[in-house]
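Here's a walk through one protein fold, written for someone who likes to check contacts and angles by eye. Have the viewer open and follow along.

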Amino acid sequence: MAEEFRLDKRELRRAFERAAAEYDAHAALQREICDRLTQRLDYLKLAPVRILDAGCGTGYASRSLLRHFPKAELLTMDLAPAMLRLARGQTSWWERPWQSLRKPASSYVCGDLERLPLKASTVDFVWSSLAFQWVGDLAATLRELYRIQKPGGAILFSTFGPDTLKELRAVFTLVDERPHVSRFTDMHDIGDMLVHAGYQNPVMEMEHITLTYDNLKALMQDIKRIGAHNASADRPRGMLGRGAWQRLEQGYERYRREGRLPATYEVVYGHAWVGDKTQRTDGQQIVHLDIQRRRSARGLR
């Protein structure tokens, strides 16, 4: 099972704040993965009243969700306020002109997926495209998402697996043993976490997507421009020296094929369902007692 690692949330927020304005210009891979995740909606029989776009970024997926579920209320959530402002500008009420202006198509929440500012059992469908890799404790995050979901609801998500940027991770060992590349959770571990969180019938899929670059500098700039650099609390600080950079460039050259340098991304897709929330995963029944209401009914205080 993947272990929790410490994530520097302030650095993560700063990175996405800085990247927000140029994010869409450099997020071709993120849009492609989002489109592939959207296609999976056709295989799920859903009629949600309330949807959470968990980690909405600039709102690219939110627009698709509004078109796919025109009668649903959409909650868009992100850790970075700058991302939310962009999402708000792109998912306004005119996406669904038939709807009353007194009931907006979307609500916008700046929040942390590990501590959701939402009440229990208030969301039918959770959507999350490439956000789970930015939480420190994925198991706790899935428990939080399960908490806010209604019985009969579903979750659909994509994230990155451990083969992501494997070439870059390997060549960084030529510099030192510190973690220069973000850590990613194995698909099978995510499936186990879903079950332990309370979800039923998880389905996990994986594919590899490879991008190619002229040189290592172009790859590193691509990562930086979307705010996706390493934000773990134990990451190395400061700039690489000239000698370290040269070792990186020389090491990466061994991967060059047909004149291009590859960057591999392991993309994990998953979905699962929320069953009867009065039943625990061990089969025992949960009984909720409202002691205060019973005492009031009997005239007791």
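Predicted model: local features only at pLDDT ≥ 70, side-chain atom pairs only at ≥ 80, totals over all residues.

**The overall picture**

The protein chain has ten helices and seven strands. Of its 301 residues, buried ones make up 50%. Take the contacts between residues at least 6 apart in sequence: 82% of them join residues at least 24 apart.

Now walk through some of the pairings. Strand β1 (residues 50–54) runs parallel to β4, joined by three bridges, and L52 has V126 in β4 as its bridge partner. Moving along, strand β4 (residues 123–129) is parallel to β5, with six bridges between them; here W127 stands opposite L156 in β5. On to the next pair: β5 and β7 are antiparallel, with seven bridges, and T159 has V268 in β7 as its bridge partner.

Is strand β5 enclosed or open? Nine of the twelve residues of β5 (residues 149–160) are buried, so the rest of the structure largely encloses this strand.

**The nonpolar cores**

Which residues touch the most other members of the largest nonpolar core? They are F125, W127 and L168, in a core of 40 residues. Strand β7 (residues 261–273) supplies the largest share of this core, with five residues. Another core, of 29 residues, lies apart from it and includes L52, L75, A131 and L194.

L168 is worth a click. Leaving aside its neighbours within four places in sequence, L168 is in contact with V181, L216, M220, I223 and Y252.

**The kinked helix and its surroundings**

Helix α1 (residues 9–26) has a kink of about 70 degrees, centred on A20. A20 is also one of the buried residues of α1, along with K9, E11, L12, A15, F16, A19 and Y23. As background, an α-helix has 3.6 residues a turn, so residues three or four places apart point the same way. The buried residues of α1 pack against α2 (28–39), α4 (81–90) and α8 (216–225).

One is Q30, found in helix α2; leaving aside neighbours within four places in sequence, Q30 is in contact with Y23, L130 and I226. The other is T58, in the loop between β1 and α3 (60–68). T58 sits 38 residues from A20 in sequence, while their C-alpha atoms are 7.4 Å apart in space. With neighbours within four places in sequence set aside, the contacts of T58 are A20, Y23, D24, R63, M83, L86, A87 and Q90.

**Two positive phi values, and accessibility**

Most residues other than glycine have a negative phi. S121, though not a glycine, has a positive phi of about 55 degrees; S121 lies in the loop between β3 and β4. E258 is a residue other than glycine too, and its phi is positive, near 50 degrees. The place of E258 is in the loop between α9 (242–252) and β7.

| Residue | Relative accessibility | Class |
|---|---|---|
| T58 | 2% | buried |
| Q30 | 14% | buried |
| S121 | 33% | partly exposed |
| E258 | 84% | exposed |

Notes
Residues numbered from 1 in each chain as written. Heavy atoms only, no water. Core = buried A, V, L, I, M, F, W, Y, C linked by side-chain atoms within 4.5 Å. Buried < 20%, exposed > 50% of the residue type's maximum accessible area, 1.4 Å probe, protein only. Helix = DSSP H or I, 4+ residues; strand = E, 2+ residues; numbered from the N terminus. Contact = heavy atoms within 4.5 Å. Bend = angle between axes of the 7 residues up to and from the residue. Pairing = 2+ DSSP bridges.
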